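Please look at the chain below before reading on.

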Amino acid sequence: MEKRQPIRMCIFCRDRQAKGSLMRLVFNQGLVLGDHRQTLPGRGAYVCSACRKRLFSQKGRKVLARAFRLSPEAIKDIRA
Ligand SMILES: [Zn+2]
């Protein structure tokens, strides 16, 4: 049996997966950053591998803003 992992939800498709198979994103000083080592502090949002490319669309920015409870203008750049 695989070790039990916490479950998180993809902010795009709302699919629930083990935390380790999703990419964690954090918001820091205007930037949305991919937390590849899962160590950055702050509120995290999760995206599955299938939805990763959607981050960079106009819609993606809105979804991210909602996930981080920001206005879309607060997001200056996405570096995931
Ligand atoms: Zn997804």
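What follows is a walk through a predicted model, beginning with the chain as a whole.

The protein chain holds one helix and six strands. Read from the N terminus, the elements come in the order β-β-β-β-β-α-β. The radius of gyration is 12 Å, close to the 12 Å that the globule rule gives for 80 residues, so the protein chain is as compact as a globular protein of that length. Along its principal axes, the C-alpha trace spans about 45 × 25 × 20 Å. Of the 80 residues, 20% are buried. Among contacts between residues at least 6 apart in sequence, 45% join residues at least 24 apart.

UniProt, in an unreviewed entry, lists residues 8-72 as "domain: YlxR". Over residues 8-72 the chain is 15% helix and 29% strand.

Four strands form an open sheet in the order β5-β3-β4-β6, and the pairing is mixed. Its edge strands are β5, residues 44-47, and β6, residues 77-79, each of which pairs on one side only. On average, neighbouring strands of this sheet are turned by 25 degrees against each other, direction ignored. In general, strands of a sheet pair through backbone hydrogen bonds, either parallel or antiparallel.

Strand β3, residues 23-28, is joined to β5 by four bridges, and the two run antiparallel. Within this pairing, V26 has G44 of β5 as its bridge partner. Strand β3 also pairs with β4, residues 31-34, in the antiparallel sense over four bridges. Here V26 stands opposite L33 in β4. Strands β3 and β4 form a hairpin with two residues between them. Q29, in the turn of that hairpin, has a positive phi of about 45 degrees. Strand β4 then pairs with β6 in the parallel sense over three bridges, with V32 opposite I78 in β6.

Which residues make up the centre of the nonpolar core? The largest nonpolar core has 13 residues, of which C10, I11, L22, A45, Y46 and V47 touch the most other members. Strands β3 and β5 are the elements that give two or more residues to this core. The largest share, three residues, comes from β5.

The last stop is a loop residue. I75 lies in the loop between α1, residues 58-67, and β6. Is I75 buried, exposed or partly exposed? I75 has 18 other C-beta atoms within 10 Å, and a residue needs 20 or more to be buried and 12 or fewer to be exposed, so I75 is partly exposed. Residues up to four places away in sequence not counted, I75 touches G30, V32, R61, L64, A65 and L70. One of these contacts, A65, is 10 residues from I75 along the chain, and the C-alpha atoms of the two are separated by 7.2 Å. Another, V32, is the residue that stands opposite I78 in β6.

Terms used:
Residues are numbered from 1 along each chain as its sequence is written. This is a predicted model: local features need pLDDT of at least 70, side-chain atom pairs count only at pLDDT 80 or more; totals for chains, interfaces and linings use all residues. Two strands pair if DSSP finds at least two bridges between them. Axes are lines fitted to C-alpha atoms, for helices over the stretch in contact, and angles run from 0 to 180 degrees between N-to-C directions. Two residues are in contact if their C-beta atoms, placed from the backbone, lie within 7 Å. UniProt positions are given in the numbering used here, feature names are shortened, and annotations may be inferred rather than shown by experiment. The radius of gyration is taken over C-alpha atoms; the globule rule is 2.2 Å times the number of residues to the power 0.38. A nonpolar core is a set of buried Ala, Val, Leu, Ile, Met, Phe, Trp, Tyr and Cys residues joined through C-beta atoms within 7 Å.
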